[in-house]
Amino acid sequence: KILYVWFDAPIGYLSATMEWAEAQGDPDAWKTWWQDPESRLVHFIGKDNIAFHAVVFPSMLLGQGDSWGGNGFVLPWAIPANEFYNLQGRKFSTSKGWHLDSTAFFETYSTDAARFHLLMTLPETADSEFTWEGFQATNNSLLADKLGNFASRVLKFAAKSFEGKAPSSEGGLDSHPSLAEADAALEEIGVRIENFEFRAAAQALMKGCDALNTFFDDQAPWKLTKGDASDRALCGEVVERCLAYLELLSRRMSPFCPDSAASLRTMLGEAAAGSGKDWGPESHGQPPARAAAGAILGEAGVLFRKIENDAIQEEISRLEDAVS
């Protein structure tokens, strides 16, 4: 019987945890991860390794029984397996030059944009690929135009029309259909992540951005500022809701784009209280809490810079030249 290296390799997960525990000065700390019944062991793998993680490694753990000073080992709780991910129509190959230089890539492009594009193109149910054109579209059309532009428009309008402070609000727009749509989409993110549906989670974030952009456009606060007292009061309601949703958005986007989420919270200034780490679905589809009236806002900036066509063509040419 020939045993592949994968018979031995999975035990490295356990021994690496033991090595970490030793380095922490607590040699038994590994048991919290591997022998506590409350632990959940999740294996993120490729489809070609399903058998080793679903059969071989669990069998090895079961075979140990209650040895190693505990009550047996926890078994894999979930095994999310992805299909294959290719590059520009071909398989990745470092030996043939068909790959991305990570050092050069991240010296030029946003890590958040790259992370989000990988999530949007994950091979969860079928093989997929990274293309430079697709990466540009994700960065420009989704992150810059939908998410970043919404934040910029709201914050710049608040700076111009409300002296850079959050206006007061009585809650008259809480039940607006577009905001209800945003609530549902942003709530969906946590549910999708819990089910390891990362592609759908990223798509839900974009659905939320679409709904918020629709709300801002439909309400047209720039027109309300020219009206009577009731129009100006409604303008304040619109801006307050947008600021509150930007704060919620900064938390919902943090698992995908952590650096940009932190930048957005800086732009929100006093309207973004706390660390922003409580990103989860605690609102249960309800409107976010009000932005505190008079909260001083930060300065609007660019969350995602657009990538020009020339830069993309240069990257494609560089890739093709490497294998010519």
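Biologist: Are H6 and H12 roughly parallel or roughly antiparallel to each other?

Modeller: This is a predicted model, in which local features need pLDDT of at least 70 and side-chain atom pairs count only at 80 or more, while totals for chains, interfaces and linings use all residues. Residues are numbered from 1 along each chain as its sequence is written, and side-chain values use heavy atoms, without hydrogens or water. Helices are DSSP runs (H or I, at least four residues) numbered from the N terminus, and their axes are lines fitted to C-alpha atoms over the stretch in contact, with angles from 0 to 180 degrees between N-to-C directions. Here the axes of H6 and H12 come within 9 Å and cross at roughly 155 degrees, so the two helices are roughly antiparallel (over 145 degrees).

Biologist: Which hand does the crossing of H6 and H12 have?

Modeller: A crossing is right-handed if the near helix is turned clockwise from the far one by less than a right angle, and left-handed if anticlockwise. The crossing of H6 and H12 is right-handed, whereas H10 passes H11 in a left-handed crossing.

Biologist: How do H10 (residues 229-252) and H11 (residues 258-268) lie to each other?

Modeller: The axes of H10 and H11 come within 8 Å and cross at roughly 155 degrees, and H10 and H11 are therefore roughly antiparallel to each other.

Biologist: What pLDDT does the protein chain average?

Modeller: With pLDDT being the predictor's confidence in each residue, from 0 to 100, the protein chain averages 92, and 95% of its residues score at least 70.

Notes
Angles under 35 degrees count as roughly parallel, over 145 as roughly antiparallel, 65 to 115 as roughly perpendicular and the rest as oblique.
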